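Subject: Handover of a structure and findings

Dear colleague,

Please find below the structure that I am handing over to you. I would be grateful if you could read the notes after it with the structure open beside them.

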Amino acid sequence: MSLHPSLQNYADAWTHSVDAISELVQPLVEGEWNRATPCPAWSVRDIVSHVIGLDCEMLGDPRPIHTLPRDLYHVTNEHQRYMEMQVDVRRHHTAPEMTSELEYTIIRRSRQLRNESRQPDAKVRGPLGAEITLEDAMRRRAFDVWVHEQDLRTALGRPGNLDSPGAHVAKDVLIEALPKVVAHGAGAPNNSAVVFDVHGPIEFLRTVRVNADGRGSVDGAPSLGPLVTLSLDWETHFRLACGRTTPEAVADRIKTEGDPELTAAILREFTITK
């Protein structure tokens, strides 16, 4: 038995991104591990700790027994507390400790993927103990690791891989989220349409349609009379969607047409990784 074909894409994307992360951090000196990243409140070290921690959980390792400090003001809910645990427990680790644990985790996880024989719908442990399918878990990991690779690239001034396998997984994840952003978050009126025109290393044109019941759906057919059209580059799109920047900071990179109030509401609700 080997990895199910429908999971291979996610395994390849994870491998590509995690190898890139390893290459990025291997030569860093101690001080560079403390550099701030676009991921709110997290340093380079914190990002790598997060990647290690969640892949250890995918391996079935027990979560660390650790008490979070009371002064972590960016931690405001249970989900953030869950994610912070794997990060804070490594905050005083040295550069060699970080790179060696990352390498060991990559070796173990790669071996697990090579030997993975479970079906895509097999149930596995997700964040906060929730049960999710193996396919969903692997998709989330591919998305998460690519986004954090980009965090590190921004922090270290090493841009790249905007069209890598992980980027294509991220594109699909972010497109799927558009109906919720437009219909639920921004409250677009019933029987309306909003067009997203994204260009750059990854390109797509998608229309979010809100039906008579207020439910949103997305398709690739252009709309003849959209209420709003947003045109932006791929990097700006994913950075907004992942909460790495604000609409105000990238206003010069977004071209909009149509209803200004709905446009503002969509941009205000654009972040999906909360």
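This is a predicted model: local features need pLDDT of at least 70, side-chain atom pairs count only at pLDDT 80 or more; totals for chains, interfaces and linings use all residues.

Five strands make up an open sheet, and their order across it is E5-E4-E3-E6-E7, with mixed pairing. Strand E5 (216-219) and strand E7 (254-258) are the edge strands, each of them pairing on one side only. On average, and with direction ignored, neighbouring strands of this sheet are turned by 15 degrees against each other.

Within the sheet, strand E3 (residues 192-199) and strand E6 (residues 228-233) run parallel and are joined by six bridges. Phe196 stands opposite Leu230 of E6. Two helices pack on the sheet. Helix H6 (residues 165-185) touches E3, strand E4 (204-210) and E5, and the direction of H6 makes about 30 degrees with that of E4. Helix H8 (residues 260-268) touches E3, E6 and E7, and the direction of H8 makes about 45 degrees with that of E6.

The pairing of E4 with E5 is antiparallel and extends over four bridges. Arg209 is found opposite Ser217 in E5. These two strands, E4 and E5, form a hairpin with five residues between them. In its turn, Gly214 has a positive phi of about 85 degrees.

Helix packing

Two packed helices are described by the angle between their axes and the distance between the axes. Helix H1 (residues 5-25) and helix H5 (residues 134-156) pack at an angle of about 25 degrees, and their axes are 9 Å apart. Because angles under 35 degrees count as roughly parallel, H1 is roughly parallel to H5. The crossing of H1 and H5 is left-handed.

Helix H3 covers residues 78-88. Its buried residues are Tyr82, Met83, Glu84, Met85, Gln86, Val87 and Asp88, and the buried residues of H3 pack against helix H2 (44-58). At the start of H3, a side-chain oxygen of Asn77 comes to within 3.2 Å of the backbone nitrogen of His79.

Two residues in detail

Leu152 lies in helix H5. The relative accessible area of Leu152 is 0%, so this residue is buried. Leaving out residues up to four places away in sequence, Leu152 touches Ile21, Leu24, Val25, Val44, Ile47 and Val48. Leu152 and Thr236 are separated by 84 residues in sequence, and their C-alpha atoms are 16 Å apart in space.

Asp233 belongs to strand E6. Is Asp233 buried or exposed? Its relative accessibility is 12%, and residues under 20% count as buried, so Asp233 is buried. The side chain of Asp233 reaches the backbone nitrogen of Glu235 at 3.2 Å. With neighbours within four places in sequence left aside, Asp233 is in contact with Val198, His199 and Arg253.

Yours sincerely,

A colleague

How values were computed
Residues are numbered from 1 along each chain as its sequence is written. Side-chain values use heavy atoms; hydrogens and water are left out. Buried means under 20% relative accessible area, exposed over 50%, partly exposed in between (1.4 Å probe, protein chains only). Contact means heavy atoms within 4.5 Å. A polar contact is a pair of N or O atoms within 3.5 Å; within protein, one must be able to donate a hydrogen and the other to accept it, and residues adjacent in sequence count only if both atoms are side-chain atoms. Two strands pair if DSSP finds at least two bridges between them. Axes are lines fitted to C-alpha atoms, for helices over the stretch in contact, and angles run from 0 to 180 degrees between N-to-C directions. Angles under 35 degrees count as roughly parallel, over 145 as roughly antiparallel, 65 to 115 as roughly perpendicular and the rest as oblique. A crossing is left-handed if the near helix is turned anticlockwise from the far one by less than a right angle, and right-handed if clockwise.
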